[in-house]
Amino acid sequence: MISSAKVTPLVNNPDRLERRLKEIPAEPGVYLMRDGSDRILYIGKSKKLRSRVRSYFRNAQPLSPRIAMMVRQVAEIEFIVTDTEAEALALEANLVKQHQPYFNVLLKDDKKYPYICITWSEDYPRIFITRKRNLRKEKDRYYGPYVDVGLLRSTLHLLKQIFPQRQRPRPLFKDRPCLNYDIGRCPGVCQQLVSPQEYRHTVQKIAMVFQGRTGELIDILTQTMEQAAESLNFELAAKIRDQIKGLNALSADQKVALPDDTVSRDAIALSADAHHACIQLFQIRAGRLVGRLGFFAEVPSGGIELGAILQRVLEDHYQTVDAVEIPSEILVQHELTDTDLLADWLSERKGRKVTILVPQRQTKAELIEMVERNAKYELERTQKLADRNSQAMQDLAAILDLPDLPHRIEGYDISHIHGANPVASQVVFINGTQAKQHYRHYKIKNPTVTIGHSDDFASLAEVIRRRFRQYKDVGAGLTDTISLQTDNLTLPALPNHQENPDVGAGLTDTISPQTDTLTKPALPRKQGISDDFPDLIMIDGGKGQLSAVVAVLQDMNLLDKVRVVSLAKQREEIFLPGESFPLPTDAEQPGVQLLRRLRDEAHRFAVSFHRKQRSETLRRSRLDEIPGLGFARQKQLLAHFRSIDYIREASVQQLAQVPGIGSRLAEDIYTYFHP
């Protein structure tokens, strides 16, 4: 017996719909629409909840096909009342990010574009480029995402020359600053030669550049330079003059022809295909283009209003900026879905009126056309890259006779020098693109792998066993049939059953009431296994390396759950388990090139980690000769003195001050370096 708890959609029960609409207050807030399986379909906001929700169910109200499809599935409406429209906007954004409803516009965070991060949570803030936007520390500030990575790097490099700031993440020396301090590039942060307050004041000037306030910063510096000259402080005046000259060079050749170059404005436009939308936002301050930001959004099947995409991007962007960064005017390509609410919220944050308009003619319309043209070029460039990766995965699936495209591919390689410092790498490609957040390093723990005695086969076997040990029991439990009693059998609610009514019919055919065995239908291969389980494993090597890995996967009952191949370097040959000869492939065909890129990346990642381990070993080689100085105390010494040279020059008293180093061991260390 199959039980299913279903709730009738509201459009099929007019009385219940009318009662529910009357319960919704005419106040600002957020509404959540759920289907019969209690799944959230859509999350929205409004100044007046009752009017907005009622508009979905009016017969005279024309709805887009996508929204009409959603309304036919709505079985329950929830609402959350807020005090202001601003609170409703912020709450809606948080709920959308948390629940990812199917019918909402979802911005795609694929780490495509980089950000500038300023760590205001630290006493001496750092400034760096990152593709990971970590919002756990509220004081840290992210600017971007920026489209032109080369321009961003050159801007940051020039700012390091204009304003003295910390150049290294760690101090180079223990008791003195490095050369950057001597040439005026760093104020001596490592030795705290500058106070946190003074250094933060410098970083605030740098932040103004990324806020699009370069002109305002130049005015402030010009006034300060004139005051310094009047006070006969010509050295300070000359220093500020050079800073102003550098800032002018930074914003040169970026003039945008607009009739009113005193108004700060943002211009946003998009270009979309059937699956994705590329959005560009140009930041124009005092007639100059100071920033070009890029966003990606997924377009669900059935299409979506272009104004809804622009609305979501603007809401998401302006929630993360400071009030001084909000422009007085925003030019949009299409009419937004809720222009008044966004304009009122931005005006409240900025403290003055913010205008949102769709230009129809003259120079502002030409500006929007320019932004749209840039978005189109970026979408085409991204689509070409996606097509190349898709073609490579399709070709690879054909070569290896895979049932589906290899969504996640993992590559493994070993690196060592005659057995010394053996390490391994795990690199991951998702949809044909590097996914560096999933990369891993391994230190080989096999005691038989020592200097002068290497064993790549055993090392690969160890790495694969450590990588998949969490799936050993899962692999043993995934059999082709599941034995159980069919009496009182209740199946859980199937996902997305309303959109595909044939799914349920296909599952009922697999249940045989005459037997006690439920035959498993054709389910995805990774049923019961988490999303980080690979579709394909590539081993750098030949038949020997492949055989070692196959033996481990077979022992763990995982060989039938994942396809594994090896790629030999000499002729770019692909070997399959149990086959004596390589597959007949061309080294230049797309699928083989994808494996080559994966293999080269695995090799690079393994070699870089090996070099790091080897350098650390060389640093500790002399300390290993000191009796009583183990690995932990060596780390304490190197952390305190930073180098062997400083340890050699230290006195007995200085050595004894290191945690874990007593007076007797300090004397032994000193005697070793001074026999």
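The structure described here is a predicted model, and in it buried residues make up 44% of the 675 residues in the chain. The chain holds 21 helices and 21 strands, and among its contacts with a separation of 6 or more, 65% are accounted for by residues 24 or more positions apart.

**Cysteines**

- A search of the whole structure finds zero disulfides, and Cys178, which is in no disulfide, has as its nearest cysteine sulfur that of Cys190, 5.9 Å away.
- A disulfide is a covalent bond between the sulfur atoms of two cysteines.
- Cys178 has a relative accessibility of 13% and so counts as buried, whereas Cys190, at 33% relative accessibility, counts as partly exposed.

**Nonpolar cores**

- In soluble globular proteins, nonpolar side chains tend to be buried together.
- The largest nonpolar core of this model has 58 residues, and those with the most contacts inside it are Ile116, Phe210, Leu247, Ile279, Ile309 and Leu314.
- Helix α7, which spans residues 196–210, gives the most to this core, contributing seven residues.
- A second, separate core has 26 residues, including Leu460, Leu546, Val550 and Val552.
- For Ile279, when its neighbours within four places in sequence are left aside, the residues in contact include Ile268, Ala269 and Leu270, as well as Leu293, Gly294, Phe295, Phe296 and Ala297, and also Ile309, Leu310 and Val313.

**The cavity**

- One cavity of 30 Å³ or more is found when the whole structure is searched, and the space in the largest cavity is about 120 Å³.
- The lining of the largest cavity is formed by 17 residues, of which Tyr143, Gly144, Leu293, His317 and Val321 lie nearest its centre.
- The elements that give two or more residues to this lining are β7 (141–143), β10 (288–298) and α10 (306–318), and β7 gives the most, with three residues.
- By residue class, the lining of the largest cavity divides into nine nonpolar, four polar and four charged residues.

Note on methods:
Residues are numbered from 1 along each chain as its sequence is written. This is a predicted model: local features need pLDDT of at least 70, side-chain atom pairs count only at pLDDT 80 or more; totals for chains, interfaces and linings use all residues. Side-chain values use heavy atoms; hydrogens and water are left out. A nonpolar core is a set of buried Ala, Val, Leu, Ile, Met, Phe, Trp, Tyr and Cys residues joined through side-chain atoms within 4.5 Å. Buried means under 20% relative accessible area, exposed over 50%, partly exposed in between (1.4 Å probe, protein chains only). Helices (H or I, at least four residues) and strands (E, at least two) are DSSP runs, numbered from the N terminus. Contact means heavy atoms within 4.5 Å. On a 1 Å grid over the protein atoms alone, a cavity is a set of points where a 1.4 Å probe fits but cannot get out, and a pocket is an open set with protein on both sides within 12 Å along at least five of seven lines; lining residues have an atom within 4 Å of a point. Grid points are joined across faces, edges and corners, and a volume is the space filled by probe spheres set on the points. Ala, Val, Leu, Ile, Met, Phe, Trp, Tyr, Cys and Pro count as nonpolar, Asp, Glu, Lys and Arg as charged, and the others, Gly among them, as polar. A disulfide is a pair of cysteine sulfur atoms within 2.5 Å.
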